[in-house]
Amino acid sequence: MASAEGKNQSAPKQEEKPKIEPLRLPTMEEIRGQDIWNNCAVRSVVSGVMGSGLGLFMGLFLGALDNPIMQEEMTGRQQFIYTAKQMGRRSINSAKAFAVMGLVFSAAECIVEKARAKHDTTNIVVAGCVTGGTISARGGPKAACAGCAGFAAFSVLIEKFFDRHD
Amino acid sequence: MAAKPTSTMEKEQIFGMAEKEMEYRVELFNKLTHTCFNKCVEKRYKESELNMGENSCIDRCVSKYWQASD
């Protein structure tokens, strides 16, 4: 009797004790795989490539909407080739512009965020200012300031839009 | 003259010291994770992964804590 009661008492005690799972730290491969995305160069290059893709599509789209310069002596097929060349040239220019924009923005944001060790909107503002400044640096200091402010405001709006969307 | 180099008493002492060391290390690790988490990660979670700012903050926090405690 006593032994049976002893057995009954010990069994629920073992069930009550919670199963402690061992601590699973990430392996070196997992850490390296996650660290690739933390690298500023990789991030900015990927952003540049994505920007160039976006620029390509936008250039094609806007080039298609553009009014064709019709010259009367060209046949239909020649007009088509001419329009296609215009579209291609425009899309390549647009792709370059967007690639530079994406690269500079991503690199600036990455560097600033790593230095500050905080995830804030001031990172976006600084990165936007740098990007706008480099894009419109040819027009002189006033144009650079205006580009900086405009692009910073634009990027903050886009970031807020994406945050609310998520 | 003892036949074995460590008697039972010394073995128990060594075992007790190892246990204390283990407890100390575990306590250090727990305090480290709690401190650096409270310092570096914002309370309102916007995404599930650690972003880059939090990563570099955690790197710096852990390095400082380790240097300060060892």
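**Interface and helix packing**

The count of salt bridges between chain A and chain B is zero. Keep in mind that this is a predicted model. What the rule does find across the interface of chain A and chain B is four residue pairs in polar contact, with both residues at pLDDT 80 or more.

Now the side of chain A that touches chain B. Helix α4 of chain A, residues 76-116, gives the most to that side, with four residues. By class, the residues on this side are four nonpolar, two polar and four charged.

In contact terms, ten residues of chain A meet nine residues of chain B. The area buried between chain A and chain B comes to about 860 Å², and carbon and sulfur atoms give 56% of that.

Next, the helix pair within chain A. The axes of α4(A) and helix α5 of chain A, residues 121-135, come within 8 Å and cross at roughly 145°. The crossing of α4(A) past α5(A) is right-handed. On the α4(A) side, the contact includes A:Met101, A:Val104, A:Phe105 and A:Ala108. Residues of α5(A) in the contact include A:Ile124, A:Ala127, A:Thr131 and A:Ile135. Sorted by class, the contact of α4(A) with α5(A) has ten nonpolar, five polar and three charged residues.

Conventions. Residues numbered from 1 in each chain as written. Chains lettered and ligands numbered in written order. Predicted model: local features only at pLDDT ≥ 70, side-chain atom pairs only at ≥ 80, totals over all residues. Heavy atoms only, no water. Contact = heavy atoms within 4.5 Å. Buried area = accessible area lost by both parts, 1.4 Å probe. Salt bridge = Lys/Arg side-chain N within 4 Å of Asp/Glu carboxyl O. Polar contact = N/O pair within 3.5 Å; in protein donor to acceptor, adjacent residues only side chain to side chain. Helix = DSSP H or I, 4+ residues; strand = E, 2+ residues; numbered from the N terminus. Nonpolar A, V, L, I, M, F, W, Y, C, P; charged D, E, K, R; others polar. Axes fitted to C-alpha atoms, helices over the stretch in contact; angles between N-to-C directions. Left-handed = near helix turned anticlockwise from the far one by under 90°.
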